[in-house]
Amino acid sequence: MATADDKVFLADANKRLKTKYTSVKAYLTDNGKLEPKGAKAAGRLAAVENFREKSKRTKVVLSGGVFEEAKKLYGSTANLYNIPELKTIFDDAFINKWDSDTLLQAIDNTEWATSRTQSQETYDVQKVTDPVELQKKIDGVVPTIRRVLAGKGISLDEASIKSIAEKGTRNGWTPEQWDSDTAAEAIRLQPAPTAEGAAPGTTPGAPAPVSSVTASSLRLLAKQFGVDPTESTINSWVNEIATNTKTEAQFNETMRSSAQTLYPTIGERLKTETFDSITSPYRTLYSKVLEVDEGGVDLTSPAYSNLFNAGDDKNKRMMNATEWTSFLRKRPEWQNTQNAYQEYSSAASTLNKIFGGTL
């Protein structure tokens with residue numbers, strides 16, 4: 001026998017669908033929804049209503065109206081909907097009526113979140129939540145870029161300067177990286193040679209301009225890509241650049257290509273980043289864990305090759321922060337750190353309490 005709730009539901013359903021159902025069971029059977037056997041009328045009603053509401057929410061998703069609805073449910077977090085990789089997460093959250101904590105946990109578990117450094121994630125989030133403040137940060141580093149370019153005698157257009165500013169801000173460059181990586185990026189962004197055998201702005205056979213390139217400056221550029229060319233290779237490039245047969249930009253791209261061969265697990269990132277910028281967070285972590293100066297950390301050493309060879313044979317990748325920390329704590333140097341001393345002291349104190357102060 002239909003309950004009062006059932007009757008309310010059926011009256012609504014019949015009006016909507018222009019039907020004459022006399023029981024919830026008939027409605028469910030006709031529409032191929034939930035099996036009502038053994039369920040109380042109120043439970044069936046709740047299940048049907050949930051299905052109907054879910055269908056309505058699905059229509060909102062298909063109509064592209066999730067962003068406005070998400071703002072009502074999740075406040076400023078809804079701005080992340082404008083990040084393409086997170087749209088489906090918000091769609092699922094809206095359809096299934098997730099609370100804010102469930103939504104944030106789902107976002108944290110996405111590849112978008114796990115594949116980014118903290119600096120990159122902060123940048124990407126601020127880009128959609130507070131673009132005005134982010135632009136202030138980007139504009140604030142432009143004078144530094146201009147200073148480095150002036151020191152190198154390099155001229156770039158405004159679009160290229162903006163590109164470097166955005167990239168450095170997103171990757172959280174250190175003061176040292178603003179010097180070194182700005183130079184590397186500037187060389188990459190410079191125009192290619194305009195004629196065979198001639199650098200930009202020159203003609204074949206014309207007297208070569210005086211080059212400011214030295215073996216030291218090329219070796220510094222190579223270092224940005226984690227590459228260590230032989231002395232003869234460096235000297236050969238210095239001579240060819242000085243005689244205007246090759247350019248500094250070509251040297252830069254050669255080092256980038258060599259780095260992609262040396263470090264295949266970060267090959268894709270090396271297309272637009274340098275070895276130094278990619279490994280910067282790892283050098284910082286190394287410095288903190290082993291309590292050494294970050295400037296002396298050389299991750300090109302074979303001793304740290306495991307950093308670029310995590311995962312199984314079929315899916316090699318770079319270590320994440322947790323794996324890198326664990327790796328460093330297993331090194332002999334860690335035993336001599338203050339961190340190790342405090343950890344061992346804490347363990348000894350705990351054991352002493354367990355054994356009643358007899359140790």
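Is Asp-179 buried, partly exposed or exposed? Asp-179 is partly exposed, with a relative accessible area of 33%. The model is predicted. The chain has 17 helices and 0 strands. The structure holds 15 salt bridges, and the cavity count comes to 1 at 30 Å³ or more.

**Overall fold**

- The chain has 359 residues, and buried residues make up 36% of them.
- Among contacts between residues at least 6 apart in sequence, 53% join residues at least 24 apart.

**The Asp-179 to Arg-147 salt bridge**

- Asp-179 pairs with Arg-147 in a salt bridge, and their closest N and O atoms are 3.1 Å apart.
- Asp-179 sits in helix α11 (residues 175–189) and Arg-147 in helix α9 (residues 131–152), so the pair ties together parts 32 residues apart in sequence.
- Arg-147 is partly exposed, at a relative accessible area of 49%.
- Asp-179, at 33%, is partly exposed too.

**Other salt bridges**

- Side chains of opposite charge can pair when their charged atoms come close.
- Lys-246 and Glu-240 form a salt bridge, with 3.6 Å between the closest N and O atoms.
- Lys-246 is partly exposed, at 29% relative accessibility.
- Glu-240 is also partly exposed, with a relative accessible area of 23%.
- Asp-313 and Lys-316 meet through their side chains in a salt bridge of 3.9 Å, N to O.
- Asp-313 is exposed, at a relative accessible area of 74%, whereas Lys-316 is partly exposed, at 38%.

**The cavity**

- The largest cavity has a volume of about 40 Å³.
- Its lining is made up of Thr-117, Gln-120, Asn-171, Arg-269, Glu-273, Ser-277, Ile-278 and Pro-281.
- By class, the lining residues of the largest cavity divide into 4 polar, 2 charged and 2 nonpolar.
- Helix α15 (residues 275–290) gives the most to this lining, with 3 residues.

How values were computed
Residues are numbered from 1 along each chain as its sequence is written. This is a predicted model: local features need pLDDT of at least 70, side-chain atom pairs count only at pLDDT 80 or more; totals for chains, interfaces and linings use all residues. Side-chain values use heavy atoms; hydrogens and water are left out. On a 1 Å grid over the protein atoms alone, a cavity is a set of points where a 1.4 Å probe fits but cannot get out, and a pocket is an open set with protein on both sides within 12 Å along at least five of seven lines; lining residues have an atom within 4 Å of a point. Grid points are joined across faces, edges and corners, and a volume is the space filled by probe spheres set on the points. Helices (H or I, at least four residues) and strands (E, at least two) are DSSP runs, numbered from the N terminus. Ala, Val, Leu, Ile, Met, Phe, Trp, Tyr, Cys and Pro count as nonpolar, Asp, Glu, Lys and Arg as charged, and the others, Gly among them, as polar. Buried means under 20% relative accessible area, exposed over 50%, partly exposed in between (1.4 Å probe, protein chains only). Contact means heavy atoms within 4.5 Å. A salt bridge is a side-chain nitrogen of Lys or Arg within 4 Å of a carboxyl oxygen of Asp or Glu.
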